[in-house]
Amino acid sequence: MTDETVLETPRLLLRTWRDTDLDDLVWLHSHVQASRYLSITGQPWTRDAAAGRMTGWAEEYRLHGITKLKLQRREDARFVGRAGFSMFAATGQFELGYAIAPQFWGNGYATEIAAALANFFFDRKIGDHFIAFAHVDNAASLNVLEKIGMRFQHTGPMNGHEAHVYTMSSTDRRKR
């Protein structure tokens, strides 16, 4: 992918990945705290796993014009995580997801980017709804999904974890 800014918020930039960003992605997912709810084993990603995800995201971006993207602070371009949409293979629906490096937790970055992504999704008419899910014990992520106006659907297995599953439709967005 080329280095392109896809979305801006007051404090954040969402950008496409470059090959040179692999170390940032490996660093993000090397934190047990950041990976425990994201991988089936709860273990950090290997370099090969991170490279595979970047390749998959590049293909999603080519096919759908959206994917999981690099998240940076506007003020200093510091890498803080990743966020965006992917096609969730198990359901065939677009899925909102994000991961923020632990040292940036508590700054409202996840809520800021998730809300902006919801608007982006519907403004661009990418689909009529999307899903998101979080591990049942991930209170911070569950709070983000509720703050941006997503509706709880059910609890069940997702990506090898017991998760609460949420949805947002274009009509839900109008109610916010």
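Predicted model: local features only at pLDDT ≥ 70, side-chain atom pairs only at ≥ 80, totals over all residues.

Biologist: What makes Pro44 buried, partly exposed or exposed?

Modeller: Pro44 comes out at 28%, so it counts as partly exposed. Pro44 lies in the loop between α2 (32-35) and α3. From Pro44 to Gly92 there are 48 residues in sequence and 26 Å in space, C-alpha to C-alpha.

Biologist: And Phe121, buried or exposed?

Modeller: Its relative accessibility is 0%, therefore Phe121 counts as buried. Phe121 lies in helix α4. Leaving aside neighbours within four places in sequence, Phe121 is in contact with Ile66, Phe85, Phe94, Ile126, Gly127, Asp128, His129 and Phe130. Phe121 and Leu96 are 25 residues apart in sequence, with 9.7 Å between their C-alpha atoms.

Biologist: How do you know whether α4 is mostly covered?

Modeller: Count its buried residues: eleven of the 15 are buried, and α4 is mostly covered. Among them are Tyr109, Glu112, Ile113, Leu117, Phe120 and Phe122.

Biologist: How does the span of α4 compare with the expected one?

Modeller: α4 reaches 21 Å from its first C-alpha to its last. The expected span is 1.5 Å times one less than the number of residues. For the 15 residues of α4 that gives 21 Å, and the model is close to that.

Biologist: What makes a set of residues a nonpolar core?

Modeller: The members must be buried, of listed nonpolar types, and joined through side-chain atoms within 4.5 Å. The largest such core here has 48 residues. Its largest share, ten residues, comes from α4. Apart from this core lies another, of six residues, including Phe88, Ile131, Phe133 and Val165. In soluble globular proteins, nonpolar side chains tend to be buried together.

Biologist: Which members of the largest core touch the most other members?

Modeller: Leu96, Phe130 and Met150. Take Leu96, and leave aside neighbours within four places in sequence. Leu96 is then in contact with Gly84, Phe85, Ala114, Leu117, Phe130, Ile131, Ala132, Ile148 and Met150.

Biologist: What is the phi of Ala77, and why point it out?

Modeller: Most residues other than glycine have a negative phi. Ala77 is not a glycine, yet its phi is positive, about 60°. The place of Ala77 is in the loop between β3 (68-73) and β4. Its relative accessible area is 39%, so Ala77 is partly exposed.

Biologist: Which residue just after α4 takes a positive phi?

Modeller: Lys125, with a phi of about 55°. Lys125 is not a glycine either. Its place is in the loop between α4 and β6 (129-135). Exposed means over 50%. Lys125 has 70%, so Lys125 is exposed.

Biologist: What is Arg15 in contact with, outside its sequence neighbours?

Modeller: Contact requires heavy atoms within 4.5 Å. Beyond four places in sequence, Arg15 meets that limit with Asp3, Glu4, Thr5, Val6, Leu69, Lys70 and Gln72. Arg15 is in strand β2, residues 12-15.

Biologist: Which residues line the largest cavity?

Modeller: Val6, Leu14, Ile66, Thr67, Leu69, Gly84, Phe85, Leu117 and Phe120. β4 (79-88) and α4 (109-123) each supply at least two of the lining residues.

Biologist: How does that lining divide into nonpolar, polar and charged?

Modeller: Seven are nonpolar, two are polar and none is charged. Gly counts as polar in this scheme.

Conventions:
Residues numbered from 1 in each chain as written. Heavy atoms only, no water. 1 Å grid on protein atoms, 1.4 Å probe; cavity = no way out; pocket = protein on both sides within 12 Å on 5 of 7 lines; lining within 4 Å. Helix = DSSP H or I, 4+ residues; strand = E, 2+ residues; numbered from the N terminus. Buried < 20%, exposed > 50% of the residue type's maximum accessible area, 1.4 Å probe, protein only.
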